[in-house]
Amino acid sequence: MSRILAFAGSNSSTSINYKLVKYTTFLIRNHEVELINMVDYNFPVFSEDLEREEGYSDLLRGLKDKIVHANALIISVNEHNSNPSAYFKNVLDWLSRVDRNFLADTKILLMSCSGGRRGGTGSLEVVKGILPRFGGEVTATFSLPSFNHTFDKTKGITDPELAKSHKKALEIFLSQI
């Protein structure tokens, strides 16, 4: 049984990416899954001066420890102007300073969603290129477009083709851990 840590790359209290991650974790059996809400993880904007003067917070070290002790991650990234949010990029900046290889040997299901038709694919592709730099392996990806029309809070993904793609990405990911 593998340990899976799941979260969205968003600190919004109404994050649709968090809703997608939560739904995804609901589908997993025979693994230990921990779902965290990044609303609980506020970090100042990274700067070398701040790092030198204040070091690393207990909150940051705690997040890093959760990631390091997981065998796998499920992450859904939000998108701002076709890129990952400044919040998520900042989290990666801080984590990589604590431990450059904080994702060593970690399998990752990387997802994205948005209210638009592109489904956050710009952000997904950028993050897909970044995570291996820290030792992570993106084993599967999934993008959910038009979230407000393709997702229902009680039914999950309502579009049959998208539901099938999501299921396949999850199966590929789970087969790798």
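Two strands count as paired here if DSSP finds at least two bridges between them. With that in hand, L73 has its bridge partner in β6, namely I108. Keep in mind as you read that this is a predicted model. We'll start with the strands, move on to the cores, and finish with the aromatic rings.

**How the strands line up**

- β3 and β6 run parallel and are joined by 6 bridges.
- β6 also pairs with strand β7 (residues 136-144), again in the parallel sense, over 8 bridges.
- β6 is mostly covered, with 7 of its 8 residues buried.
- β1 runs parallel to β2, and 4 bridges join the two; I4 has V33 as its bridge partner in β2.
- β1 is joined to β3 as well, by 5 bridges, and these two run parallel. Here A8 has S76 in β3 as its bridge partner.
- 5 of the 6 residues of β1 are buried, so the rest of the structure largely encloses this strand.

**Strand-helix-strand units**

- β1, helix α1 (residues 16-26) and β2 make a right-handed β-α-β unit.
- β6, α5 and β7 make a right-handed β-α-β unit too.

- G136 is found in strand β7 and is buried, with a relative accessible area of 8%.
- G136 and K107 are 29 residues apart along the chain, yet their C-alpha atoms are separated by 6.1 Å.
- Leaving out neighbours within four places in sequence, G136 is in contact with L103, T106, I108 and L131.
- T139 is also found in strand β7. Its relative accessible area is 16%, and because buried means under 20%, T139 counts as buried.
- Beyond its neighbours within four places in sequence, T139 touches K107, I108, I172, F173 and Q176.

**The nonpolar cores**

- The largest nonpolar core has 30 residues, and the ones touching the most other members are L63, L73 and I75.
- Several elements give two or more residues to this core: β1 (3-8), α3 (58-69), β3 (72-77), α4 (86-98), β6 (106-113) and α5 (121-130).
- Which of them gives the most? That's α4, with 7 residues.
- Setting aside neighbours within four places in sequence, L63 is in contact with I36, M38, Y41, F43, V91 and L95.
- Another core, of 21 residues, lies apart from the largest one, and its members include Y23, I28, A140 and F142.

**Aromatic rings**

- How many aromatic pairs does the structure hold? There are 6.
- In one of them, the rings of F46 and W94 have their centres 4.9 Å apart and their planes at 80 degrees, which makes the pair edge-to-face.
- F46 lies in the loop between β2 (32-35) and α2 (48-54), while W94 is in helix α4, so this pair ties together parts that are 48 residues apart in sequence.
- Is W94 buried or exposed? W94 is buried, with a relative accessible area of 2%.
- W94 also pairs with Y56: their ring centres are 6.4 Å apart and their planes are at 90 degrees, so this pair is edge-to-face.
- Y56 counts as partly exposed, at 22% relative accessibility.
- Elsewhere in the chain, Y23, F147 and F151 form one aromatic cluster.
- There's a charge over a ring to spot too: the charged end of R29 sits over the ring of F26, 5.7 Å from its centre.

Conventions. Residues are numbered from 1 along each chain as its sequence is written. This is a predicted model: local features need pLDDT of at least 70, side-chain atom pairs count only at pLDDT 80 or more; totals for chains, interfaces and linings use all residues. Side-chain values use heavy atoms; hydrogens and water are left out. A nonpolar core is a set of buried Ala, Val, Leu, Ile, Met, Phe, Trp, Tyr and Cys residues joined through side-chain atoms within 4.5 Å. Buried means under 20% relative accessible area, exposed over 50%, partly exposed in between (1.4 Å probe, protein chains only). Contact means heavy atoms within 4.5 Å. Rings of Phe, Tyr and Trp (its six-membered ring) pair if their centres lie within 6.5 Å; planes under 30 degrees apart count as stacked, over 60 as edge-to-face and the rest as tilted. A charge sits over a ring if NZ of Lys or CZ of Arg is within 6 Å of the ring centre and within 35 degrees of the ring normal. A crossover is right-handed if, with the strands pointing away from the viewer, the path from the first strand over the helix to the second runs clockwise.
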